[in-house]
Amino acid sequence: MEKQIQQTNNDIDSEAASLRREDNLYKIRNNTEECPDYYETIEHPIDMSIIKDKMNKGIYKREQDIVEDLSRMFNKAKVYNVDESYIFKYASRLEQALSNKYKTMIIKKERPSHLN
């Protein structure tokens, strides 16, 4: 399972890298200098550094756990930013990539092993 969690993270990183190349973006992240009201608006902030730290510490025990944190990160980015902003669009695209990847993982798990 740890291998699947790492693969999911690698796939999301790959999608993010693709978006960075396309949109010259780096990452979704909270920044108190640029966004001083962030912590007033967003409870329990999360970004990739937190998620990667949790991965490195072995906190995620199921694929669902990392998917939930990634989804929470994308959702918070969309809550804080306006619909037409590049961050909102970036978060939406990454959220869709995650959803597609997770659906593929579930389908593979449900298939008999000789078909995978």
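How are α3 and α4 oriented to each other, roughly parallel or roughly antiparallel? Here are a few notes on this predicted model, starting with that pair.

1. Helix α3 (residues 48-56) packs against helix α4 (residues 63-80) at an angle of about 170 degrees. Angles over 145 degrees count as roughly antiparallel, and α3 and α4 are therefore roughly antiparallel to each other. Their axes lie 10 Å apart.

2. It is worth looking at the side chains of this pair. From α3 come M48, I51, K54 and M55, which meet I66, D69, L70 and M73 of α4. Sorted by class, this contact has six nonpolar and two charged residues, with no polar ones.

3. For the overall fold, you will find five helices and zero strands, in the order α-α-α-α-α along the sequence. Taking contacts between residues at least 6 apart in sequence, 66% join residues at least 24 apart.

4. On burial and surface: of the 116 residues in the protein, 34% are buried. The accessible surface comes to about 7,700 Å², and carbon and sulfur atoms account for 48% of that.

5. A friendly word on confidence. The mean pLDDT of the protein is 78, with 72% of residues reaching 70 or more. Helix α4 has the highest confidence, at a mean of 91, while helix α1 (residues 2-23) has the lowest, at 62.

6. Please take care with residues 21-28, where pLDDT stays under 50. The model has 16 contacts beyond four places in sequence for this stretch. Where pLDDT is low, the predicted coordinates should not be read in detail.

How values were computed
Residues are numbered from 1 along each chain as its sequence is written. This is a predicted model: local features need pLDDT of at least 70, side-chain atom pairs count only at pLDDT 80 or more; totals for chains, interfaces and linings use all residues. Side-chain values use heavy atoms; hydrogens and water are left out. Axes are lines fitted to C-alpha atoms, for helices over the stretch in contact, and angles run from 0 to 180 degrees between N-to-C directions. Helices (H or I, at least four residues) and strands (E, at least two) are DSSP runs, numbered from the N terminus. Angles under 35 degrees count as roughly parallel, over 145 as roughly antiparallel, 65 to 115 as roughly perpendicular and the rest as oblique. Contact means heavy atoms within 4.5 Å. Ala, Val, Leu, Ile, Met, Phe, Trp, Tyr, Cys and Pro count as nonpolar, Asp, Glu, Lys and Arg as charged, and the others, Gly among them, as polar. Buried means under 20% relative accessible area, exposed over 50%, partly exposed in between (1.4 Å probe, protein chains only). Accessible areas come from the Shrake-Rupley method with a 1.4 Å probe; for residues, only the protein chains shown count as cover. pLDDT is the predictor's confidence in each residue, from 0 to 100.
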